Amino acid sequence: MTFAVLRSLHALIGDALDDIERVYAESENVPFDANSPSESLTAHPVVISAVNRIVAAAGQMSATVQIPFLTLCDAGMGFHLPSCLRLLEATHTVEILREAGPEGLHVKRIAEKNGVDKNKLAHILRLLATHHILREVSPDVFANNRLSSALDTGKSSEELMRSPETKYNDTNGISAFVGMWYVLPTLFVPDNPNRFRLERFGKAMTGTVSWEVPGAVLNGFDWQSLPKGSTIVDVGGGIGSTSMLLAHAYSDGSQDDDALGLKFVIQDREVVVDMGQKAWKAKCPELLESGIAQFQVHDFFTPQPIKNAAVFILRVVLHDWPDAFAQRILLRLREAATPDTKLLIADFVLPLACTDNFETSQSEEGGEITGIQGAETKLAPAPLLPNLGKASANVYWMDMTMQCMFNGQERTLREIVSLAHSAGWKVTKVTKAPGSLFGHIVARWAGLARDAELLHSDRGWIYLHTKRLGRDLAVESEEP
Ligand SMILES: C[S@@+](CC[C@H](N)C(=O)[O-])C[C@H]1O[C@@H](n2cnc3c(N)ncnc32)[C@H](O)[C@@H]1O
């Protein structure tokens, strides 16, 4: 890499800072506060784009100027950071530090409150401070900063020590999200007896709204194009956060002639349906009582009971499953679809680390990849990496997390197109909010591929997926 490139990265950072300053200068000048207008400006499209360029350019610049061995060491030992973050959350240190105020608290006092060994705690908090997730304000004295305080549940540390099982109630779900990673694989085990973990998972899913620009689903599909009173099925819908947002926007129960009056069916496993109903009864019981929304226990690997859906929504469901299982889920929806039914997949769209050309008309496994509305060939111009490098790292972490925890994955657009094609769906459109990699992918009814036809029979399904798993697990199976 030449100095010309480094200078150009430097200039990019300066220009992006100018953009951010302009947006903030037009707003009130208030000190940092999680609920302040300055914090909400981070969702301004100009700010999002500028932030992405800064993170991408700064990451590229440090990777370029740092001694390669040290960058490799950093990457090689970075696995300690998640453990330290997890400890910060689980020991309620953020709440303890909030109570201590901006001057911070000596690690001895923190340790007295949360029972962690003070020497180990000091090293862990210092590692976090070194990664800008806390401050060491004087020797062994730590205080919250903007990053750590995002984990604050707002509850008193005393209350959390007394009843840690209620920690995530009535929170935005961010601490639940950070707290849950190490137990993910057990979550979908049928009859999981660990209610606390299941409930935390539901709340953590609420925390994932931060992956999306608020309300992105409203623009991710042309809801107004649907006939009045259409049925939307939120498959694997969790506690129904997406449907709740849509129901508030399009089905307020008024008799207004212009109202779309959409109806929602939220399907999930029994234990989750139970939690969802409780959540809706607490927040918007009128939507259940009026029949605008209903929960339904349904296993998405079995035949889909709703045969007149206008839209099937799959939000962050497919990324939990390897292709053979995801294909089965899609096929069950395809079997129940009418030619007018649309499929809305809401998941990250993993960008390539190079420019895509979309020139070949078929993705590797089949499925048209040309002519998809909203498909982008690259996210940034040179000298930045075409995928915005470090600024997109989050989605690659998510991909690996899903692979390790569930044998699932995040998918590139090509992979999503192939997967959809293999189950008789044709992808027509992708919508992403500016600066976000979270996509709303619309697909329509299409002909069934050969594999998908095989999947129609249960023997075929067992054969196909054991054949695929067999590549890794040497599972034996007879051909149907
Ligand atoms: C990652 S969550 C997404 C939840 C929801 N769509 C959202 O965006 O908040 C995946 C959901 O799939 C559900 N799930 C897992 N296996 C299922 C199955 N066999 N049938 C139906 N739902 C299932 C889980 O209970 C969980 O609620």
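Two residues are in contact if their C-beta atoms, placed from the backbone, lie within 7 Å. That cut-off applies to the packing described below for this predicted model, in which local features need pLDDT of at least 70, side-chain atom pairs count only at pLDDT 80 or more, and totals for chains, interfaces and linings use all residues. Residues are numbered from 1 along each chain as its sequence is written. The chain holds 20 helices and 10 strands. Helices (H or I, at least four residues) and strands (E, at least two) are DSSP runs, numbered from the N terminus.

**Confidence**

- Mean pLDDT, the predictor's confidence in each residue from 0 to 100, is 86 for the chain, and 84% of its residues reach 70 or more.
- Residues 28-32 have pLDDT below 50, and this stretch makes six contacts in the model beyond near neighbours in sequence.
- Residues 465-480 also fall below 50, with 17 contacts beyond near neighbours in sequence.
- Where pLDDT is low, the predicted coordinates should not be read in detail.
- The model scores are ipTM 0.99 and pTM 0.82.

**Overall packing**

- Of the 480 residues in the chain, 37% are buried.
- Buried means that 20 or more other C-beta atoms lie within 10 Å of the residue's own; exposed means 12 or fewer, and partly exposed is in between, with C-beta atoms placed from the backbone.
- Take the contacts between residues at least 6 apart in sequence: 69% of them join residues at least 24 apart.

- Helix 1 covers residues 3-25, and its 23 residues should span 33 Å at 1.5 Å a residue. The expected span is 1.5 Å times one less than the number of residues.
- The end C-alpha atoms of helix 1 are 32 Å apart, which agrees.
- L9, L12 and A16 are buried in helix 1.
- Helix 3 is included in what covers the buried residues of helix 1.
- A57 sits in helix 3 (residues 45-65). A57 is buried, because 28 other C-beta atoms lie within 10 Å.
- Leaving aside residues up to four places away in sequence, A57 touches L9, L12, I13 and L384.
- A57 and L127 are 70 residues apart in sequence; their C-alpha atoms are 24 Å apart.

**Helix 5**

- In helix 5 (residues 80-90), the buried residues are L85, L88 and E89.
- Seen down the axis of helix 5, these residues fall within an arc of 95°, so they line one face. The arc is that of the directions from the helix axis to the C-beta atoms.
- The buried residues of helix 5 pack against helix 6 (93-100), helix 8 (118-130) and helix 10 (174-180).
- Exposed H80 and S83 are on the face of helix 5 turned away from its buried side.
- Just after helix 5, H92 has a positive phi of about 60°.

- Three strands make an open, antiparallel sheet in the order 1-3-2.
- Strand 1 (105-106) and strand 2 (135-138) are at the edges with a single partner strand each, so one side of each has no neighbour in the sheet.
- Two strands pair if DSSP finds at least two bridges between them. Strand 2 and strand 3 (residues 141-143) are antiparallel and joined by three bridges.
- R135 is opposite A143 in strand 3, and S138 has V141 as its bridge partner.
- Strand 2 and strand 3 form a hairpin with two residues between them. In that turn, D140 has a positive phi of about 65°.
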